[in-house]
Amino acid sequence: MARIHLSNLAHSYSANPTSEADYALKRLDLVWDDGSAYALLGPSGCGKTTLLNIISGLITPSEGKILFGEEDVTHLPTAARNIAQVFQFPVVYDTMTVRENLAFPLVNRGADRDYVRRRVEQIADMIGMSDVLDRPAKRLTADAKQKISLGRGMVREDVNAILFDEPLTVIDPHMKWELRTQLKALHREFGHTMIYVTHDQTEALTFADKVVVMYDGQVVQTGTPAELFERPAHTFVGYFIGSPGMNVLPARVEGTSAMVEGVEIPLGAAYPALSGKVEIGIRPEFVTLSKDGPGLPVRVERIEDVGRHRIVRLAFFGREINVVVPEGVSVSKDMNRVVLEPERIGVYVEDRLVEGQ
Ligand code: ATP
(Lines give C-alpha, C1' and ligand atoms only; values in the text may rest on other atoms or scores of the structure.)
Protein backbone atom coordinates (compact mmCIF):
# COMPACT_ATOMS: atom_id res chain seq x y z
CA MET A 1 0.00 0.00 0.00
CA ALA A 2 1.12 3.57 -0.52
CA ARG A 3 0.27 7.16 0.08
CA ILE A 4 -1.49 8.63 -2.97
CA HIS A 5 -0.53 12.15 -3.99
CA LEU A 6 -2.42 14.06 -6.66
CA SER A 7 -0.07 16.86 -7.62
CA ASN A 8 -1.27 19.97 -9.45
CA LEU A 9 -4.01 17.98 -11.11
CA ALA A 10 -6.51 19.39 -13.60
CA HIS A 11 -8.78 17.76 -16.11
CA SER A 12 -10.89 18.96 -19.00
CA TYR A 13 -13.03 16.76 -21.25
CA SER A 14 -12.73 19.42 -23.90
CA ALA A 15 -9.92 19.12 -26.47
CA ASN A 16 -9.31 22.88 -26.41
CA PRO A 17 -10.20 24.25 -22.98
CA THR A 18 -10.23 28.02 -23.08
CA SER A 19 -11.55 28.99 -19.65
CA GLU A 20 -11.83 27.59 -16.12
CA ALA A 21 -15.41 26.61 -16.87
CA ASP A 22 -14.11 24.03 -19.38
CA TYR A 23 -12.41 22.08 -16.58
CA ALA A 24 -14.25 19.28 -14.75
CA LEU A 25 -11.37 19.34 -12.24
CA LYS A 26 -9.72 22.65 -11.50
CA ARG A 27 -6.22 22.66 -10.12
CA LEU A 28 -5.98 20.49 -7.02
CA ASP A 29 -3.26 19.13 -4.82
CA LEU A 30 -4.29 16.36 -2.51
CA VAL A 31 -2.70 13.65 -0.39
CA TRP A 32 -4.55 10.47 0.58
CA ASP A 33 -2.80 8.96 3.59
CA ASP A 34 -1.97 5.30 3.51
CA GLY A 35 -4.57 3.21 5.33
CA SER A 36 -7.25 5.88 5.86
CA ALA A 37 -10.93 5.53 4.93
CA TYR A 38 -11.98 8.56 2.91
CA ALA A 39 -15.34 9.67 1.66
CA LEU A 40 -15.32 11.86 -1.43
CA LEU A 41 -18.46 13.92 -1.02
CA GLY A 42 -20.08 16.50 -3.25
CA PRO A 43 -23.13 17.28 -5.37
CA SER A 44 -23.82 15.71 -8.73
CA GLY A 45 -21.43 16.95 -11.41
CA CYS A 46 -18.74 18.34 -9.07
CA GLY A 47 -16.09 15.96 -10.43
CA LYS A 48 -16.03 13.00 -8.00
CA THR A 49 -16.13 10.26 -10.61
CA THR A 50 -13.58 12.08 -12.76
CA LEU A 51 -11.21 12.23 -9.78
CA LEU A 52 -11.74 8.55 -8.95
CA ASN A 53 -11.17 7.51 -12.57
CA ILE A 54 -7.94 9.50 -12.63
CA ILE A 55 -6.69 7.64 -9.56
CA SER A 56 -7.61 4.27 -11.06
CA GLY A 57 -6.15 5.12 -14.47
CA LEU A 58 -9.39 5.03 -16.47
CA ILE A 59 -8.74 8.70 -17.31
CA THR A 60 -5.38 10.37 -17.95
CA PRO A 61 -5.50 13.89 -16.50
CA SER A 62 -4.98 16.90 -18.79
CA GLU A 63 -2.42 18.28 -16.33
CA GLY A 64 -0.56 17.18 -13.22
CA LYS A 65 0.76 13.96 -11.74
CA ILE A 66 -0.42 10.98 -9.69
CA LEU A 67 2.12 9.49 -7.31
CA PHE A 68 1.72 6.20 -5.42
CA GLY A 69 4.38 6.59 -2.76
CA GLU A 70 7.38 7.88 -4.76
CA GLU A 71 6.27 6.24 -8.01
CA ASP A 72 4.80 8.40 -10.76
CA VAL A 73 1.86 6.34 -12.12
CA THR A 74 0.28 9.11 -14.25
CA HIS A 75 0.76 7.16 -17.47
CA LEU A 76 0.42 3.63 -16.10
CA PRO A 77 -2.68 1.68 -17.21
CA THR A 78 -5.29 0.62 -14.63
CA ALA A 79 -4.03 -2.98 -14.56
CA ALA A 80 -0.56 -1.83 -13.48
CA ARG A 81 -1.82 0.32 -10.61
CA ASN A 82 -2.86 -2.48 -8.27
CA ILE A 83 -6.20 -0.93 -7.39
CA ALA A 84 -9.58 -2.52 -6.69
CA GLN A 85 -12.68 -0.70 -7.86
CA VAL A 86 -16.38 -1.15 -7.09
CA PHE A 87 -18.85 0.64 -9.31
CA GLN A 88 -22.40 1.88 -8.84
CA PHE A 89 -23.89 -1.12 -10.65
CA PRO A 90 -22.97 -4.79 -10.21
CA VAL A 91 -20.21 -6.27 -12.33
CA VAL A 92 -20.71 -10.01 -11.89
CA TYR A 93 -19.83 -13.01 -14.06
CA ASP A 94 -23.19 -14.73 -14.54
CA THR A 95 -21.67 -18.01 -15.67
CA MET A 96 -19.78 -18.39 -12.38
CA THR A 97 -20.87 -19.26 -8.87
CA VAL A 98 -20.74 -16.70 -6.08
CA ARG A 99 -17.56 -18.38 -4.79
CA GLU A 100 -15.87 -18.21 -8.22
CA ASN A 101 -16.84 -14.57 -8.57
CA LEU A 102 -15.35 -13.67 -5.20
CA ALA A 103 -12.23 -15.75 -5.85
CA PHE A 104 -11.62 -14.31 -9.32
CA PRO A 105 -9.14 -11.52 -8.45
CA LEU A 106 -7.10 -13.97 -6.34
CA VAL A 107 -7.15 -16.86 -8.81
CA ASN A 108 -6.27 -14.42 -11.57
CA ARG A 109 -3.06 -13.62 -9.70
CA GLY A 110 -2.19 -17.24 -9.01
CA ALA A 111 -2.93 -17.23 -5.26
CA ASP A 112 -2.58 -20.42 -3.24
CA ARG A 113 -5.78 -22.55 -3.27
CA ASP A 114 -6.09 -22.91 0.50
CA TYR A 115 -5.60 -19.21 0.96
CA VAL A 116 -8.25 -18.47 -1.71
CA ARG A 117 -10.77 -20.74 0.05
CA ARG A 118 -10.14 -19.16 3.46
CA ARG A 119 -10.18 -15.61 2.20
CA VAL A 120 -13.35 -16.09 0.10
CA GLU A 121 -15.16 -17.63 3.07
CA GLN A 122 -14.09 -14.76 5.31
CA ILE A 123 -15.33 -12.14 2.82
CA ALA A 124 -18.57 -14.08 2.17
CA ASP A 125 -19.22 -14.10 5.89
CA MET A 126 -18.75 -10.33 6.10
CA ILE A 127 -21.15 -9.61 3.24
CA GLY A 128 -23.67 -12.19 4.49
CA MET A 129 -23.34 -14.58 1.53
CA SER A 130 -21.89 -17.70 3.16
CA ASP A 131 -25.10 -19.63 2.49
CA VAL A 132 -25.14 -19.02 -1.24
CA LEU A 133 -21.46 -19.46 -2.06
CA ASP A 134 -22.02 -22.34 -4.46
CA ARG A 135 -25.05 -20.93 -6.24
CA PRO A 136 -24.79 -19.53 -9.77
CA ALA A 137 -24.53 -15.74 -9.59
CA LYS A 138 -27.01 -15.43 -12.47
CA ARG A 139 -30.05 -16.23 -10.31
CA LEU A 140 -29.37 -13.63 -7.64
CA THR A 141 -31.13 -10.29 -7.24
CA ALA A 142 -29.41 -7.01 -8.25
CA ASP A 143 -28.94 -6.32 -4.57
CA ALA A 144 -27.09 -9.60 -3.96
CA LYS A 145 -25.05 -9.15 -7.13
CA GLN A 146 -23.85 -5.78 -5.88
CA LYS A 147 -22.82 -7.42 -2.63
CA ILE A 148 -20.67 -9.81 -4.70
CA SER A 149 -19.11 -6.80 -6.45
CA LEU A 150 -18.34 -5.30 -3.05
CA GLY A 151 -16.87 -8.57 -1.83
CA ARG A 152 -14.73 -8.94 -4.94
CA GLY A 153 -13.48 -5.40 -4.48
CA MET A 154 -12.32 -6.25 -0.99
CA VAL A 155 -10.95 -9.74 -1.48
CA ARG A 156 -7.35 -8.82 -2.29
CA GLU A 157 -5.23 -7.80 0.67
CA ASP A 158 -2.29 -6.37 -1.29
CA VAL A 159 -3.98 -3.56 -3.26
CA ASN A 160 -2.78 0.06 -3.12
CA ALA A 161 -6.34 1.29 -2.57
CA ILE A 162 -9.98 0.28 -2.93
CA LEU A 163 -12.15 2.76 -4.79
CA PHE A 164 -15.92 2.74 -4.38
CA ASP A 165 -18.12 4.81 -6.69
CA GLU A 166 -21.54 5.17 -5.01
CA PRO A 167 -21.56 1.40 -4.39
CA LEU A 168 -24.78 1.24 -2.39
CA THR A 169 -27.08 2.93 -4.93
CA VAL A 170 -28.84 -0.32 -5.89
CA ILE A 171 -28.81 -1.80 -2.39
CA ASP A 172 -32.06 -2.03 -0.46
CA PRO A 173 -32.22 0.85 2.09
CA HIS A 174 -32.42 -1.58 5.04
CA MET A 175 -29.19 -3.28 3.95
CA LYS A 176 -27.25 -0.07 3.33
CA TRP A 177 -26.51 0.58 6.95
CA GLU A 178 -25.36 -2.96 7.52
CA LEU A 179 -23.07 -3.07 4.50
CA ARG A 180 -21.54 0.25 5.40
CA THR A 181 -20.83 -1.03 8.89
CA GLN A 182 -19.22 -4.12 7.39
CA LEU A 183 -17.08 -2.03 5.06
CA LYS A 184 -15.91 -0.08 8.08
CA ALA A 185 -15.16 -3.28 9.98
CA LEU A 186 -13.14 -4.54 7.02
CA HIS A 187 -11.23 -1.30 6.97
CA ARG A 188 -10.44 -1.59 10.66
CA GLU A 189 -9.28 -5.16 10.21
CA PHE A 190 -7.17 -4.82 7.04
CA GLY A 191 -6.28 -1.11 6.98
CA HIS A 192 -6.66 -0.58 3.25
CA THR A 193 -6.74 2.93 1.85
CA MET A 194 -10.39 3.30 0.87
CA ILE A 195 -11.93 6.10 -1.18
CA TYR A 196 -15.69 6.07 -1.18
CA VAL A 197 -17.57 8.40 -3.52
CA THR A 198 -21.01 9.55 -2.47
CA HIS A 199 -23.30 12.55 -2.64
CA ASP A 200 -25.03 11.46 0.57
CA GLN A 201 -23.67 13.21 3.67
CA THR A 202 -24.92 10.53 6.08
CA GLU A 203 -23.15 7.85 4.08
CA ALA A 204 -19.95 9.94 4.02
CA LEU A 205 -19.98 10.85 7.70
CA THR A 206 -20.70 7.34 8.94
CA PHE A 207 -18.15 5.65 6.70
CA ALA A 208 -15.12 7.88 6.72
CA ASP A 209 -12.19 8.78 8.96
CA LYS A 210 -11.78 11.80 6.71
CA VAL A 211 -14.14 13.44 4.26
CA VAL A 212 -12.95 15.24 1.14
CA VAL A 213 -15.62 17.73 0.09
CA MET A 214 -15.74 18.74 -3.57
CA TYR A 215 -17.60 21.59 -5.15
CA ASP A 216 -17.44 22.74 -8.75
CA GLY A 217 -14.29 20.83 -9.68
CA GLN A 218 -12.40 21.84 -6.55
CA VAL A 219 -11.66 20.32 -3.17
CA VAL A 220 -13.02 22.85 -0.68
CA GLN A 221 -12.17 21.01 2.55
CA THR A 222 -10.64 17.78 3.83
CA GLY A 223 -11.34 16.93 7.44
CA THR A 224 -12.83 14.59 9.98
CA PRO A 225 -16.64 14.60 10.18
CA ALA A 226 -16.32 16.64 13.41
CA GLU A 227 -14.05 19.24 11.76
CA LEU A 228 -16.46 19.70 8.87
CA PHE A 229 -19.25 20.27 11.33
CA GLU A 230 -17.35 22.51 13.76
CA ARG A 231 -15.22 24.57 11.35
CA PRO A 232 -16.55 24.59 7.79
CA ALA A 233 -13.67 26.02 5.74
CA HIS A 234 -16.01 27.04 2.91
CA THR A 235 -19.61 28.24 2.94
CA PHE A 236 -20.50 25.31 0.67
CA VAL A 237 -19.31 22.83 3.34
CA GLY A 238 -21.49 24.63 5.87
CA TYR A 239 -24.46 24.44 3.58
CA PHE A 240 -23.96 20.87 2.31
CA ILE A 241 -23.17 19.21 5.65
CA GLY A 242 -25.75 19.49 8.39
CA SER A 243 -29.50 19.42 8.32
CA PRO A 244 -30.41 22.18 7.90
CA GLY A 245 -27.09 23.62 6.75
CA MET A 246 -25.20 26.59 8.16
CA ASN A 247 -26.87 30.02 8.26
CA VAL A 248 -24.97 32.53 6.14
CA LEU A 249 -25.58 36.27 6.47
CA PRO A 250 -23.91 39.17 4.64
CA ALA A 251 -22.05 41.38 7.11
CA ARG A 252 -19.41 44.01 7.70
CA VAL A 253 -16.78 43.15 10.26
CA GLU A 254 -15.29 45.79 12.53
CA GLY A 255 -12.72 44.45 15.00
CA THR A 256 -14.56 41.97 17.23
CA SER A 257 -18.10 42.58 15.93
CA ALA A 258 -20.07 41.95 12.79
CA MET A 259 -22.75 44.36 11.62
CA VAL A 260 -25.70 42.63 10.00
CA GLU A 261 -28.64 44.77 8.84
CA GLY A 262 -27.43 47.50 11.22
CA VAL A 263 -27.46 45.14 14.22
CA GLU A 264 -24.19 44.45 16.06
CA ILE A 265 -23.23 40.81 16.60
CA PRO A 266 -20.25 40.01 18.87
CA LEU A 267 -17.63 37.67 17.40
CA GLY A 268 -15.37 35.22 19.24
CA ALA A 269 -12.18 36.68 17.72
CA ALA A 270 -10.83 39.95 16.35
CA TYR A 271 -10.53 40.66 12.62
CA PRO A 272 -8.60 43.95 12.56
CA ALA A 273 -7.55 43.71 8.92
CA LEU A 274 -10.98 43.06 7.44
CA SER A 275 -12.94 45.80 5.82
CA GLY A 276 -15.71 45.69 3.28
CA LYS A 277 -18.38 43.09 2.82
CA VAL A 278 -17.96 39.59 4.18
CA GLU A 279 -20.30 36.82 5.27
CA ILE A 280 -20.75 35.31 8.68
CA GLY A 281 -21.81 31.70 9.12
CA ILE A 282 -23.29 29.91 12.10
CA ARG A 283 -24.80 26.47 12.39
CA PRO A 284 -28.46 26.24 13.49
CA GLU A 285 -27.30 24.19 16.50
CA PHE A 286 -25.44 27.23 17.91
CA VAL A 287 -28.30 29.71 17.82
CA THR A 288 -30.46 30.21 20.91
CA LEU A 289 -34.01 31.44 20.68
CA SER A 290 -35.87 33.34 23.44
CA LYS A 291 -38.79 35.65 24.12
CA ASP A 292 -37.71 39.26 24.83
CA GLY A 293 -34.16 38.14 25.70
CA PRO A 294 -30.92 39.64 24.36
CA GLY A 295 -29.81 39.37 20.73
CA LEU A 296 -31.20 39.95 17.26
CA PRO A 297 -34.86 40.74 16.64
CA VAL A 298 -36.55 37.91 14.70
CA ARG A 299 -39.96 36.54 13.86
CA VAL A 300 -40.85 32.84 13.98
CA GLU A 301 -42.04 31.72 10.55
CA ARG A 302 -42.36 27.99 11.01
CA ILE A 303 -41.75 25.31 13.64
CA GLU A 304 -41.01 21.87 12.29
CA ASP A 305 -41.00 18.83 14.53
CA VAL A 306 -38.42 16.32 13.29
CA GLY A 307 -38.55 13.76 16.08
CA ARG A 308 -36.00 14.41 18.79
CA HIS A 309 -35.60 18.12 18.07
CA ARG A 310 -37.37 20.94 16.28
CA ILE A 311 -36.18 23.12 13.43
CA VAL A 312 -37.41 26.69 13.67
CA ARG A 313 -37.31 28.96 10.64
CA LEU A 314 -36.95 32.64 11.53
CA ALA A 315 -37.24 35.82 9.54
CA PHE A 316 -34.59 38.47 10.23
CA PHE A 317 -34.98 41.64 8.13
CA GLY A 318 -36.15 39.62 5.14
CA ARG A 319 -33.39 37.03 5.61
CA GLU A 320 -33.75 33.53 6.91
CA ILE A 321 -32.14 32.02 10.01
CA ASN A 322 -32.67 28.39 10.99
CA VAL A 323 -32.40 27.25 14.58
CA VAL A 324 -32.23 23.73 15.95
CA VAL A 325 -34.05 23.58 19.28
CA PRO A 326 -32.96 20.53 21.30
CA GLU A 327 -35.29 18.06 22.95
CA GLY A 328 -36.67 19.33 26.25
CA VAL A 329 -36.37 23.04 25.39
CA SER A 330 -39.69 24.78 24.82
CA VAL A 331 -40.38 26.84 21.74
CA SER A 332 -43.35 28.99 20.76
CA LYS A 333 -44.46 31.22 17.91
CA ASP A 334 -44.11 34.39 20.01
CA MET A 335 -40.36 34.01 20.54
CA ASN A 336 -38.61 37.03 19.07
CA ARG A 337 -34.87 37.14 19.87
CA VAL A 338 -31.84 35.04 18.97
CA VAL A 339 -28.29 34.92 20.29
CA LEU A 340 -25.56 33.58 18.01
CA GLU A 341 -22.77 31.95 20.05
CA PRO A 342 -19.78 34.25 19.31
CA GLU A 343 -17.18 31.44 19.40
CA ARG A 344 -19.19 29.51 16.83
CA ILE A 345 -19.43 32.27 14.24
CA GLY A 346 -17.19 31.87 11.21
CA VAL A 347 -16.20 34.83 9.05
CA TYR A 348 -16.02 34.14 5.31
CA VAL A 349 -14.43 36.16 2.52
CA GLU A 350 -15.30 34.98 -0.98
CA ASP A 351 -16.72 31.81 0.61
CA ARG A 352 -13.47 30.91 2.40
CA LEU A 353 -13.13 30.89 6.19
CA VAL A 354 -10.86 33.59 7.60
CA GLU A 355 -9.08 32.95 10.89
CA GLY A 356 -9.47 35.65 13.54
CA GLN A 357 -6.94 36.63 16.21
P1 ATP B 1 -22.32 12.38 -10.26
O2 ATP B 1 -22.48 12.37 -8.76
O3 ATP B 1 -23.53 12.88 -10.98
O4 ATP B 1 -21.74 11.14 -10.82
P5 ATP B 1 -19.70 13.60 -10.26
O6 ATP B 1 -19.44 14.49 -9.11
O7 ATP B 1 -19.13 12.24 -10.22
O8 ATP B 1 -21.24 13.56 -10.58
P9 ATP B 1 -18.37 13.83 -12.80
O10 ATP B 1 -19.13 12.67 -13.37
O11 ATP B 1 -16.94 13.63 -12.51
O12 ATP B 1 -19.10 14.40 -11.51
O13 ATP B 1 -18.53 15.07 -13.81
C14 ATP B 1 -17.86 16.30 -13.63
C15 ATP B 1 -18.14 17.19 -14.83
O16 ATP B 1 -17.57 16.64 -16.02
C17 ATP B 1 -19.63 17.37 -15.13
O18 ATP B 1 -19.84 18.68 -15.57
C19 ATP B 1 -19.89 16.39 -16.24
O20 ATP B 1 -20.95 16.82 -17.07
C21 ATP B 1 -18.57 16.40 -17.00
N22 ATP B 1 -18.28 15.09 -17.62
C23 ATP B 1 -18.20 13.91 -17.00
N24 ATP B 1 -17.89 12.92 -17.86
C25 ATP B 1 -17.76 13.51 -19.08
C26 ATP B 1 -17.43 13.04 -20.39
N27 ATP B 1 -17.17 11.75 -20.63
N28 ATP B 1 -17.41 13.95 -21.39
C29 ATP B 1 -17.66 15.25 -21.18
N30 ATP B 1 -17.97 15.78 -19.96
C31 ATP B 1 -18.02 14.91 -18.92
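Glu261 is found in the loop between strand E11 and strand E12 (263-271), where helices (H or I, at least four residues) and strands (E, at least two) are DSSP runs numbered from the N terminus. Phi of Glu261 is near 50°, a positive value in a residue other than glycine. The model is predicted: local features need pLDDT of at least 70, side-chain atom pairs count only at pLDDT 80 or more, and totals for chains, interfaces and linings use all residues. Residues are numbered from 1 along each chain as its sequence is written.

**Backbone features in loops**

- Most residues other than glycine have a negative phi, and most peptide bonds are trans.
- Glu261 is partly exposed, with 14 other C-beta atoms within 10 Å; a residue is buried if 20 or more other C-beta atoms lie within 10 Å of its own, exposed if 12 or fewer, and partly exposed in between, with C-beta atoms placed from the backbone.
- Asp292, which is not a glycine, also has a positive phi, of about 60°.
- The loop that holds Asp292 runs between strand E14 (287-290) and strand E15 (296-297), and Asp292 counts as exposed, with 8 C-beta neighbours inside 10 Å.
- Ser243 and Pro244 are joined by a cis peptide bond with an omega of about -5°.
- Pro244 lies in the loop between helix H8 (235-240) and strand E11 (247-260).

**Overall picture and confidence**

- The protein contains eight helices and 21 strands.
- Its C-alpha trace spans about 75 × 50 × 30 Å along the principal axes.
- Of the 357 residues of the protein, 37% count as buried.
- The mean pLDDT (the predictor's confidence in each residue, from 0 to 100) is 93, and 100% of the residues reach 70 or more.
- For the complex, the predictor gives an ipTM of 0.97 and a pTM of 0.91.

- In soluble globular proteins, nonpolar side chains tend to be buried together.
- Val213 touches Leu41, Gly42, Val220, Gln221, Leu228, Val237 and Phe240, not counting residues up to four places away in sequence; two residues are in contact if their C-beta atoms, placed from the backbone, lie within 7 Å.

**Surroundings of the ligand**

- The residues around the ligand include Tyr13, Gly42, Lys48 and His199; a residue is near a molecule if its C-beta atom, placed from the backbone, lies within 6 Å of it.
- Helix H1 (residues 48-56) gives the most to this shell, with three residues.
- The shell divides into three nonpolar, seven polar and one charged residue.

**Strand pairing and helix packing**

- Strand E1 (residues 4-12) pairs with strand E4 (residues 63-68) in the antiparallel sense over five bridges; two strands pair if DSSP finds at least two bridges between them.
- In this pairing, Ser7 stands opposite Lys65 in E4.
- E1 also pairs with strand E2 (residues 23-32) in the antiparallel sense, over six bridges, and His11 stands opposite Leu25 in E2.
- Helix H2 (residues 98-107) has buried residues that include Val98, Leu102 and Leu106, and what covers the buried residues of H2 includes helix H3 (113-126) and helix H4 (142-154).

Key: Ala, Val, Leu, Ile, Met, Phe, Trp, Tyr, Cys and Pro count as nonpolar, Asp, Glu, Lys and Arg as charged, and the others, Gly among them, as polar.
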